[in-house]
Amino acid sequence: MASRTSLFCLAWLGVGTAVLVLLLTSHTQPQRREKGRAESADGSSSVVEMAAPATSVVVLDRGNNTTCTVNLHGATVVSWRVNNQEQLFVSKQAIFDGKRAIRGGIPIVFPQFGPWSTGPQHGFARICRWELKKPPERLPTGDVEAMFQLLDNEFTRSMWNYPFSLTYRLILREKELHFNISVYNPGAETLSFTFLLHTYFKVPDVRRCQITGMRGCTYIDKTREGTLYQEHRDVVTINEWTDRIYQNTPLEHIITNVVSGRKMRMQKYNLVDTVVWNPWIEKAKEIPDFGEEEFPNLVCVEAGHVSSPVILPPGTVFEASQILQVM
Ligand code: BG6
């Protein structure tokens, strides 16, 4: 298991550039409405306009059939293939209309996790069209990097009347996907928000998955009116409708029996909580963009800062990161 210090350094190294770019440029650039095609000479990148701008996708291509596809709607990672093997679940009934959140992949939850009195459940970041701040670019290591940004606009202000700059940097490595997140507060008031990466892992059968790292953690059980419990098991298994917010979880979780029977390592920095969710049969029926037979094929293990809000004073930045690694 990575030590706290090494993960911290990794996160800071990774986020540093993003923060610099963010601070230098973010407040002068308006959000562009349309996206052109951009391909680098080494073939590491492409921006593809689909039927409508709402469904534009950006592809990070590392070679060897290792790719990451990001839909600018929500900057949602909709595919992560390692040696041609898809790692993420997207529902067959997912709707790509540029309005609703995409059911699967990795939607970004911000500035509100869960129901929200002034806006939609899980906030607006997953239903906004994001800016491609930096098209995919091959790094000297062979890895491929891209950066996305969401600024406040009329739509976000109608729900949450604050200025903000949210930057999302992805790096695709051979068997890893790195996520660096920065939220900058350029305004005069302190921001209070929650944040989460709602990762849907693809699995052959969720009943055979085990998730490590929760032992001793308290959790809010949303299937039992938010009652607080303590986890006594070494590994969490899922055999029913599960919707739990594990608090103060360690920096690393391992999920067993993901695609091809492999393990997935999740490392996280500054994302203190881990949500575990599977709707199971009955709840699946209530989700319009999800097939009821699909529930065995996903497990959501979601790194976030949700059981208490992030408090961000004026002129400061919140930084967080996640690394997913196919083992
Ligand atoms: C999880 C929440 O993160 O997301 C659940 O803990 C929720 O309560 C689930 O049902 C899916 O949310 P949505 O809004 O995408 O249907």
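The legends below describe close-up views of a predicted model.

**View 1. Strand E9 and its burial in the predicted model.** Strand E9 runs over residues 165-172, and eight of its eight residues are buried, so the strand is largely enclosed by the rest of the structure. Buried here means under 20% relative accessible area. The side chains of Ser165, Thr167, Arg169 and Ile171 point one way from E9, while Leu166, Tyr168, Leu170 and Leu172 point the other way, and the residues of both sets are buried.

**View 2. Pairing of strand E9 with strand E8.** Strand E8, which covers residues 144-151, pairs with E9 in the antiparallel sense, and eight bridges join the two strands. Within this pairing, Leu172 of E9 has Val144 standing opposite.

**View 3. The hairpin of strands E9 and E10.** Strand E10, made up of residues 176-184, also pairs with E9 in the antiparallel sense, over eight bridges. Three residues lie between E9 and E10, and the two strands form a hairpin. Ser165, a buried residue of E9, has Tyr184 as its bridge partner in E10.

**View 4. The largest pocket and the residues that line it.** The space in the largest pocket amounts to about 430 Å³, and 20 residues make up the lining. Of these lining residues, Arg103, Gln121, His122, Asp243 and Trp277 lie nearest the centre of the pocket. Sorted by class, the lining of the largest pocket comprises nine nonpolar residues, seven charged residues and four polar residues.

Definitions and conventions. Residues numbered from 1 in each chain as written. Predicted model: local features only at pLDDT ≥ 70, side-chain atom pairs only at ≥ 80, totals over all residues. Heavy atoms only, no water. Buried < 20%, exposed > 50% of the residue type's maximum accessible area, 1.4 Å probe, protein only. Helix = DSSP H or I, 4+ residues; strand = E, 2+ residues; numbered from the N terminus. Pairing = 2+ DSSP bridges. 1 Å grid on protein atoms, 1.4 Å probe; cavity = no way out; pocket = protein on both sides within 12 Å on 5 of 7 lines; lining within 4 Å. Points joined across faces, edges and corners; volume = space filled by probe spheres on them. Nonpolar A, V, L, I, M, F, W, Y, C, P; charged D, E, K, R; others polar.
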